[in-house]
Structures are given as C-alpha cells and as structure tokens.
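Q: I'm new to this one. Can you walk me through it?
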Amino acid sequence: MKILIVTQNAPLYLPTFLESFIKIWKENDEGSIEIFIKPPYGQNSLYKEVVYRYKIYGTKAFLKISSKIFKNFILSNCYKLKFTKNCYSLSNVLKKFSIDRKNFESINSIDSVNYVKNNIDLIISIASPEIFKKEILDAPKYGCINYHTALLPKYRGRQPLFWALLNNEKTTGITIHKMDEFIDKGELIIQKKINIDPQDSLDSLYIKTIEEGPNILFDAIKNLISNKNKLKSLKINNGVLYKLPTPMDAKKFRKMGKRFI
C-alpha cells in the first residue's frame with residue numbers, strides 16, 4: 001500500500017498530527033508514504049499573511065499565536081540538532097520518517113496525475129490548498145479521501161472549527177470521506193463527534209482533533225480498503241460552504257467572548 005498525503009506547510013498543528021498518524025501507519029506496517037506540500041491558504045506574501053492574521057486575531061491573540069509559532073520554529077531547529085525527538089515542523093516529520101517529498105507544480109498537473117496512476121494507491125487530503133480535479137481523483141487505485149474537522153455536510157469549506165465556535169455549536173467533529181469534484185462532498189467513510197466545552201478556544205479545539213484524528217484517519221483507510229462498510233453519499237443541500245473568516249467575522253467572534261487561544 002502506497003499513499004500520498006497532500007497538505008500545506010502550516011506551522012502549528014499539522015506537524016503534530018502528521019507525526020502521530022505516520023507513527024501509527026508505520027507501527028502497523030501498512031506501506032510507504034509520500035508527501036506533497038503546498039504553501040498555506042491564500043499566502044501571496046508573508047506581509048499580506050501577517051496583516052490578515054493580525055486583523056483576525058487582534059493584538060493579544062496575535063502575539064500569543066506568534067510566540068507559539070516562534071517557539072515551534074526554535075524547537076524545529078532543536079530537532080535538527082537532535083535535542084528533541086518530537087516534530088515541530090513538516091521538515092522534522094519528513095526527516096524522522098525518511099519520507100519522500102514530491103515536487104509537482106500542482107496536484108492536478110499532468111506530471112502529478114501520471115505519477116499517481118503508476119505509483120500511488122490512495123491520496124489523503126489534509127488541509128489541502130488545492131481543489132482536486134477529476135483526473136487526479138480517478139488516478140489512485142482507491143481514489144482520494146479528505147480529512148475534515150467538521151460533521152459534514154455541516155461546515156463545508158474553510159476554518160470549520162472557527163465557524164462552529166462562532167455559531168455556538170455544542171459539538172463539532174471529524175469527517176473522513178471519499179472525494180468527488182465538489183468541495184467537501186462525496187461518500188462518507190467515518191465520522192466522529194467531539195464536544196465543544198464552554199471554555200474551549202479555537203486552539204484547544206484544534207488540539208482535541210489532533211488527539212482523536214490520527215486514529216480515526218487510520219481506521220477510515222482500513223475500512224475503505226477492506227470495503228467493510230457500504231459508503232453513503234454526503235448530501236450538500238443542507239451544508240453551507242464557508243469561506244475564510246473576514247476581520248468583521250473575527251470582530252464578532254471576539255465580541256461574543258470567543259477566544260482564538
């Protein structure tokens with residue numbers, strides 16, 4: 001079994017998640033893993049990204065999150081110097097598990113599609129910044145699956161945990177589904193509810209999903225490959241497609257007493 005993980009180079013939560021999942025995969029001797037990494041969502045330049053984040057988080061949360069990112073940067077370099085065994089960047093993950101990083105121009109490129117057809121059994125999308133087209137969806141033996149932190153069809157699109165908090169939901173969750181050409185649609189493989197407690201921040205919700213997610217993803221792959229459960233279609237007629245939060249959305253979020261961290 002050979003899988004390709006398609007993700008983005010995010011500094012906070014993804015390294016921990018991928019480290020946990022790949023460890024489970026390797027311990028069960030399920031096969032090899034390769035990774036295709038793209039820049040984060042909408043990051044046209046570092047300056048624009050920083051300005052956007054500052055407007056979203058506000059001064060206090062921006063400083064806290066920035067210090068957390070800086071801490072991970074320092075610890076990532078400590079890993080390279082063998083002062084720690086935990087991964088704090090995607091480069092740490094690649095090194096720890098000796099994983100090959102693919103360098104396609106796009107997951108939808110001709111080179112990517114041809115490579116996947118001949119080498120990959122399954123693609124896993126985890127916060128991928130690209131929308132998959134039909135050619136790549138049909139390329140792997142077992143298709144493409146998506147890891148999404150919401151109870152689909154609710155909270156399709158970007159930043160589902162933010163929107164769940166903003167809308168005062170009592171639960172959120174993790175959905176893993178087989179992908180089709182529509183965003184966060186396809187066939188349901190596994191879904192798991194996660195409670196939202198009154199004291200939860202966006203940061204603590206991400207941490208909750210990291211604690212649950214790797215095992216759920218592993219079980220989803222096993223179910224898909226074994227054809228253990230008949231897959232049901234995810235109907236999107238009752239699921240809003242959310243976009244990235246605007247500064248006005250974030251202002252409302254903070255005014256309601258919600259916290260980013």
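Q: Which residues of α2 are buried?
A: This is a predicted model. In α2, the buried residues are E49, I56, Y57, G58, A61, F62, I65, N72, S76 and Y79.

Q: What do they pack against?
A: Two helices: α3 (90–96) and α8 (247–255).

Q: How far does α2 span between its end C-alpha atoms?
A: Only 24 Å, for residues 46–80. A straight helix of 35 residues would span 51 Å at 1.5 Å a residue.

Q: Where does α2 bend?
A: At G58, by about 115 degrees. G58 is also one of the buried residues of α2.

Q: And what follows α2?
A: K82 follows, with a positive phi near 65 degrees.

Q: Now α1. What span should it have, and what does it have?
A: α1 covers residues 14–27, which makes 14 residues. At 1.5 Å a residue they should span 20 Å. The end C-alpha atoms are 20 Å apart, so the two values agree.

Q: Which residues of α1 are buried?
A: L14, P15, F17, L18, E19, F21, I22, I24 and W25.

Q: What comes just after α1?
A: D29, which takes a positive phi of about 50 degrees.

Q: Let's do the sheet. What is the strand order?
A: The order is β3-β2-β1-β4-β5-β7-β8-β9. That is eight strands in an open sheet, with mixed pairing.

Q: Which strands sit at the edges?
A: β3 (100–102) and β9 (232–234). Each of these pairs on one side only.

Q: How much are neighbouring strands turned against each other?
A: By 30 degrees on average, ignoring direction.

Q: In which sense do β4 and β5 pair?
A: They pair in the parallel sense, over four bridges. In β5, N146 stands opposite S125.

Q: Which strands does α4 lie across?
A: β1, β2, β3 and β4. α4 is residues 110–119, and it runs at about 150 degrees to β1.

Q: And which strands does α7 touch?
A: α7 packs on the sheet and touches β4, β5, β7 (171–179) and β8 (186–195). The directions of α7 and β8 make an angle of about 145 degrees.

Q: New topic. How many salt bridges are there?
A: The count comes to 12.

Q: What does K192 meet in a salt bridge?
A: The side chain of E212, at 3.0 Å from N to O. The pair links distant parts of the chain: K192 is in strand β8 and E212 is in helix α7, 20 residues apart.

Q: Are K192 and E212 buried or partly exposed?
A: K192 is partly exposed, with 33% relative accessible area. E212 is partly exposed too, at 32%.

Q: What about K208: what is its partner?
A: D200, at 2.6 Å from N to O. K208 and D200 are both buried. Salt bridges with shared partners join D197, D200 and K208 into one network.

Q: And which residue does D180 meet?
A: K185, in a salt bridge of 3.1 Å from N to O. D180 is at 24% relative accessibility, so it counts as partly exposed. K185 has a relative accessible area of 18%, so it is buried.

Q: Which peptide bond is cis at P153?
A: The one from L152 to P153, with omega near 15 degrees. P153 lies in the loop between β5 and β6 (156–157).

Q: Why does P153 count as buried?
A: Because its relative accessibility is 17%, and the cut-off for buried is under 20%.

Q: How far is P153 from I69?
A: Their C-alpha atoms are separated by 31 Å. Along the chain, the two are 84 residues apart.

Q: What is phi at S98?
A: Near 50 degrees, a positive value in a residue other than glycine. S98 is in the loop between α3 and β3. At 67% relative accessibility, S98 counts as exposed.

Q: Last one: what is phi at A127?
A: Positive, about 55 degrees, although A127 is not a glycine. A127 sits in the loop between β4 and α5 (134–137). At 27% relative accessibility, A127 counts as partly exposed.

How values were computed
Residues are numbered from 1 along each chain as its sequence is written. This is a predicted model: local features need pLDDT of at least 70, side-chain atom pairs count only at pLDDT 80 or more; totals for chains, interfaces and linings use all residues. Side-chain values use heavy atoms; hydrogens and water are left out. The expected span of a helix is 1.5 Å times one less than its number of residues. The bend at a residue is the angle between axes fitted to the seven residues ending there and the seven starting there. Buried means under 20% relative accessible area, exposed over 50%, partly exposed in between (1.4 Å probe, protein chains only). Contact means heavy atoms within 4.5 Å. Two strands pair if DSSP finds at least two bridges between them. Axes are lines fitted to C-alpha atoms, for helices over the stretch in contact, and angles run from 0 to 180 degrees between N-to-C directions. A salt bridge is a side-chain nitrogen of Lys or Arg within 4 Å of a carboxyl oxygen of Asp or Glu.
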